[in-house]
Amino acid sequence: MLNRMYAIIIKEIQILLRDKAGLAVLYLMPLILVFLMVFLQERSFNVLKEVEIPIVFADDDQGLIGKTLQQTLQENKLFQCTLIPDSVNRPVDYIAQKVASGSFKAGVYVPAQLTAQTKEILLSSSAVPARTVHLQLYFDPAVKQSFQQLVQSAIRETIAHAETRLVFMNMREQLSTFGPQVATLVALPDSAALSESMIPVEKSFVSKDKSEIVPNAVQHNIPSWSLFAMFFIVIPLAGSQIQERDEGTFKRLQALPVSYTELLLGKMAVYVLVCWTQFLAMLSIGVYIMPLLNMPALETGSHADALVLMVTVTALAAVGYGLMVGSIARTQQQASSFGSISVIIAAAIGGIWVPVFIMPEIMQTISLLSPLNWALNGFQEILLRGGAIRDVLPFIVALTLFFLFTLTLTLLKFRLRNH
Amino acid sequence: MAAVVKVEGLTKYYKGLNLPAVDNLSFEIEKGAIFGLLGPNGAGKTTTLSILSGLSSFQHGIVTVNGFSLPTAQKAFKKTIGVVPQEIALYPNLTLQENLFFFGRLYGLQAAELKTTIQTYLELLGLAAHRHRAIKTFSGGMQRRANLIAGILHRPELIFLDEPTVGIDVQSKAVILEYLKQLNAKGTTLIYTSHHLAEAERFCSHILILDHGKRIAAGTPQELITRTGQAGTLEELFLHLTGRSLRD
């Protein structure tokens with residue numbers, strides 16, 4: 001049997017190595033995808049460079065609020081603040097026109113008397129005077145809601161600081177009536193002091209093995225696109241089965257003293273090996289190449305045994321799926337179109353492209369049906385949360401059952417075809 | 001002579017078809033024969049050959065080949081037969097040598113023995129100089145010769161040949177038939193289908209003519225021609241027995 005298995009494995013490797021297009025699908029496509037996605041999502045994960053939202057700013061107030069806002073927007077690395085030129089006569093129109101043209105994502109106009117009126121409102125002890133001037137914000141309609149909220153919250157925070165300072169200033173003025181020494185008892189907080197909360201907040205990412213793995217584009221995309229690539233073996237694997245049937249080699253194989261199970265085992269061995277080489281290639285890129293491109297290096301977690309097991313069962317699930325598609329499809333075209341589309345759908349609902357937690361509730365439920373989701377959860381458990389084998393056991397069991405299910409269908413289809 | 005193939009009341013239906021592909025067929029093939037299965041398109045030749053070589057199941061009848069009762073998936077049975085399909089059942093992207101090593105190893109041949117066997121066959125069938133070329137680059141005749149070698153690497157006692165000379169040049173056809181005659185002279189039984197009736201008349205020791213899955217006539221080519229008394233050649237006899245209406 002070993003001699004036969006050796007022959008089958010060598011033959012599969014030889015065929016695979018001669019199929020340049022198949023190799024490109026297996027290795028080149030995922031590499032391109034992973035580079036593309038890591039660079040595209042780098043800003044979303046906000047790890048290296050701060051996102052710089054271009055903002056145009058005009059201050060007709062020239063009071064505390066206007067000046068504080070200008071200082072905040074200029075110092076905040078989230079924004080790239082541009083002041084309107086002095087020659088502009090109608091700042092509101094200028095800002096609106098610049099934002100509408102897409103030159104800036106947002107515009108802030110601080111009208112004259114804003115500080116004075118705010119002060120008046122804060123000082124009023126009886127009836128609150130009606131507000132007649134408003135801070136005006138302008139947004140490019142193409143800007144995401146999350147960016148709008150980012151700008152709004154930054155401005156609200158600044159205004160709150162300014163209001164606090166105004167309150168303190170008011171207190172000092174009131175106290176100064178008792179003498180200049182009394183006024184100095186109340187220290188006027190500066191913006192920096194107000195930015196620091198009274199209660200300090202400490203941020204940390206928690207993992208099961210106490211390691212400090214920071215979620216980033218590399219950490220998310222390498223496992224995601226490795227999985228996608230592994231499941232994409234459906235195309236060459238199913239194709240090779242159909243080719244054997246079309247060319248008559250399968251008929252000859254059936255006449256040989258070799259069982260169908262041996263033939264499947266030979267194919268499985270080679271394609272599991274292919275999945276492993278795909279994963280190792282992606283892993284190497286994450287660990288060694290990404291840092292060279294100023295990206296964070298992939299952290300592989302502290303449970304290599306869990307990772308090995310996870311990669312192997314994922315590879316088996318992918319191979320099982322490829323064998324099943326190859327046994328059910330009648331033509332190469334059917335296999336490649338159904339195979340690729342089904343993997344893309346499984347990847348989409350499985351959270352490869354978009355994280356499952358931001359999907360609508362119904363899609364989150366549907367995502368549980370995707371083997372790519374089980375595999376992704378398993379990888380994230382190991383790579384992001386430092387999970388061990390016991391933590392990924394549910395995913396390992398699910399993927400193994402999926403593999404056994406697809407293998408059973410493949411064998412059943414073979415029996416039906418031959419009766 | 002002992003019968004290597006015994007068929008009694010063989011009937012095979014394909015799924016979804018009402019008419020049988022093979023209908024209550026009975027015959028025997030003696031060891032050392034060159035047995036021709038002839039008939040028009042759809043007569044049941046390839047189906048019969050598939051059943052005898054263990055590739056197809058059947059609904060009724062008793063079939064014994066080389067002492068094995070069919071259907072069987074026994075590897076011991078498969079080692080006693082060689083199958084040369086009508087299709088060029090080789091991997092087109094692999095070289096001739098890679099193909100032959102692969103199929104040879106599956107027959108259980110060890111590397112040293114396989115190397116010698118392949119060398120012998122390549123020289124006998126004029127392919128020694130092309131062993132490192134991919135099958136897809138071969139001419140039709142070369143592919144047919146390679147297809148034959150892949151089916152007989154393990155020197156089987158019984159060889160099934162489904163139209164082994166279809167669509168090839170005269171020279172390749174002559175080489176293939178000559179080599180098959182040599183194998184037969186050493187005691188190998190050949191079961192062969194063809195549409196080339198003149199070729200079958202010269203090549204076969206026994207012939208079974210089928211039509212619509214049924215046995216129409218059987219015997220040596222000469223017996224069949226003289227028995228009817230209405231034909232001078234096998235082709236004339238064939239047309240007499242199966243008619244001139246076109247078949248799909």
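Student: Where is the place of Thr64(B)?
Tutor: Thr64(B) sits in strand S4 of chain B, residues 60-65. Helices (H or I, at least four residues) and strands (E, at least two) are DSSP runs, numbered from the N terminus. Before we go on, this is a predicted model: local features need pLDDT of at least 70, side-chain atom pairs count only at pLDDT 80 or more, and totals for chains, interfaces and linings use all residues. Residues are numbered from 1 along each chain as its sequence is written, chains are lettered from A and ligands numbered from 1 in the order in which they are written, and side-chain values use heavy atoms, with hydrogens and water left out.

Student: Okay, and what is Thr64(B) in contact with, leaving aside its neighbours within four places in sequence?
Tutor: Val4(B), Val5(B), Lys6(B) and Ser69(B). Contact means heavy atoms within 4.5 Å.

Student: Why is Thr64(B) called partly exposed?
Tutor: Because its relative accessible area is 23%. Buried means under 20% relative accessible area, exposed over 50%, and partly exposed in between (1.4 Å probe, protein chains only).

Student: New topic: how many cavities does a search of the whole structure find?
Tutor: Four of 30 Å³ or more. On a 1 Å grid over the protein atoms alone, a cavity is a set of points where a 1.4 Å probe fits but cannot get out, and lining residues have an atom within 4 Å of a point. Grid points are joined across faces, edges and corners, and a volume is the space filled by probe spheres set on the points.

Student: Why use a probe at all?
Tutor: Rolling a probe the size of a water molecule over the atoms shows where empty space is left.

Student: Which residues lie nearest the centre of the largest cavity?
Tutor: Gln241(A), Glu244(A), Phe250(A), Tyr260(A) and Leu264(A), out of 14 lining residues.

Student: And which helices supply at least two residues of that lining?
Tutor: In chain A, helix H1 (2-18), helix H10 (234-247), helix H12 (260-292) and helix H17 (389-417) each do. H12(A) gives the largest share, four residues.

Student: How many of the lining residues are nonpolar, polar or charged?
Tutor: Six are nonpolar, two polar and six charged. Here Ala, Val, Leu, Ile, Met, Phe, Trp, Tyr, Cys and Pro count as nonpolar, Asp, Glu, Lys and Arg as charged, and the others, Gly among them, as polar.

Student: Back to Glu244(A): buried or exposed?
Tutor: Buried, as its relative accessible area is 5%. Glu244(A) is in helix H10 of chain A. Leaving aside neighbours within four places in sequence, its contacts include Lys11(A), Glu12(A), Lys267(A) and, from chain B, Tyr91(B).

Student: What about Glu12(A), buried or exposed?
Tutor: Glu12(A) counts as buried too, at 2% relative accessibility. Glu12(A) is found in helix H1 of chain A. Not counting residues up to four places away in sequence, Glu12(A) touches Ser240(A), Glu244(A), Lys267(A), Val270(A) and Tyr271(A).

Student: Zooming out, how many helices and strands does chain A have?
Tutor: 17 helices and four strands. Of its 419 residues, 46% count as buried.

Student: Which domains does the assignment give for chain A?
Tutor: Domain 1 (2-44 + 216-417) and domain 2 (53-205). Their C-alpha centres lie 53 Å apart. The domain bounds come from an automatic or database domain assignment.

Student: What is the phi of Asn24(B)?
Tutor: Asn24(B) has a positive phi of about 50°, although it is not a glycine. Asn24(B) is in strand S2 of chain B, residues 22-30, and counts as exposed at 53% relative accessibility.

Student: And where does His212(B) lie?
Tutor: In the loop between strand S9 (206-211) and strand S10 (214-219) of chain B. His212(B) is not a glycine either, and has a positive phi of about 50°. At 55% relative accessibility, His212(B) counts as exposed.

Notes
1 Å grid on protein atoms, 1.4 Å probe; cavity = no way out; pocket = protein on both sides within 12 Å on 5 of 7 lines; lining within 4 Å.
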